Amino acid sequence: VRFICGTLDVHKRLELELAQFLGLDNAILFGCGFDANCALFEALLTEKDGIIYDEGVHHSITDGMKLCKAKKLPFKHQNLEDLESQLKKAQPLRLKLVVTEGIFAMEGKITSLPKILELSRKYKAQVMLDDTHALGVIG
């Protein structure tokens, strides 16, 4: 377990292979999604920022969001009109992070990622995509 024994060469090799598979410069792996979600939001966001998130995201994501001071702006599940409304409300915030999933595992619904990216660009927001259930399957 990495948090007990530290980062080993095997961890570094796996992260490098994952990054290459995804076409990225680097990657970091966590023991579970909950650990990643707990680390992400607090590390990136302050009280000057906002999280605009799909109400259908996994509970571990909302748990991770609770650990940071960013403003939380939920939008109705897979509702792009509501997403845009929340993005408009978030405009005064320093950093805006749209949070969604690639595939919502409990129902098997695929997110409208191209449309979410389009709206995020329009309102100068970043996107966090939890692609746990789609990575290597459809994406």
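## The biggest pocket

Helix H3 gives the largest share of the lining of the largest pocket, five residues. Helices and strands here are DSSP runs numbered from the N terminus (helices are H or I with at least four residues, strands are E with at least two). The elements that give two or more residues to this lining are helix H2 (9-22), helix H3 (33-44) and strand S6 (126-130). In total, 25 residues line the largest pocket, and Ile28, Leu129, Asp130, Asp131 and Thr132 lie nearest its centre.

How is a pocket found? On a 1 Å grid over the protein atoms alone, a pocket is an open set of points with protein on both sides within 12 Å along at least five of seven lines, while a cavity is a set where a 1.4 Å probe fits but cannot get out; lining residues have an atom within 4 Å of a point. The volume of the largest pocket is about 1000 Å³, where volume means the space filled by probe spheres set on the points, which are joined across faces, edges and corners. Sorted by class, its lining has 15 nonpolar, seven polar and three charged residues. (Ala, Val, Leu, Ile, Met, Phe, Trp, Tyr, Cys and Pro count as nonpolar, Asp, Glu, Lys and Arg as charged, and the others, Gly among them, as polar.)

## About the model

What you're looking at is a predicted model, with residues numbered from 1 along each chain as its sequence is written. Local features need pLDDT of at least 70 and side-chain atom pairs count only at pLDDT 80 or more, while totals for chains, interfaces and linings use all residues, and side-chain values use heavy atoms, with hydrogens and water left out.

## The overall fold

The protein has six helices and six strands, and from the N terminus on they run α-α-α-β-α-β-α-β-β-β-α-β. Its radius of gyration (taken over C-alpha atoms) is 16 Å, close to the 14 Å that the globule rule gives for 139 residues, so the protein is as compact as a globular protein of that length. That rule is 2.2 Å times the number of residues to the power 0.38. The C-alpha trace spans about 45 × 35 × 30 Å along its principal axes, and 36% of the 139 residues count as buried (under 20% relative accessible area; exposed is over 50%, and partly exposed is in between, with a 1.4 Å probe and protein chains only).

## A strand, a helix, a strand

Strand S1 (residues 50-54) pairs with strand S2 (residues 71-75) in the parallel sense, over five bridges; pairing takes at least two DSSP bridges. Across this pair, isoleucine 51 stands opposite lysine 72 in S2.

Val1, Arg2, Phe3, His11, Leu29, Phe30, Gly31 and Asp35 line it.

## Two loop residues

Glutamine 78 sits in the loop between S2 and helix H5 (80-89). Its phi is near 55°, a positive value in a residue other than glycine, and at 29% relative accessibility glutamine 78 counts as partly exposed.

Lysine 124, in the loop between helix H6 (113-122) and S6, also has phi near 55°. Lysine 124 is exposed, with a relative accessible area of 67%.
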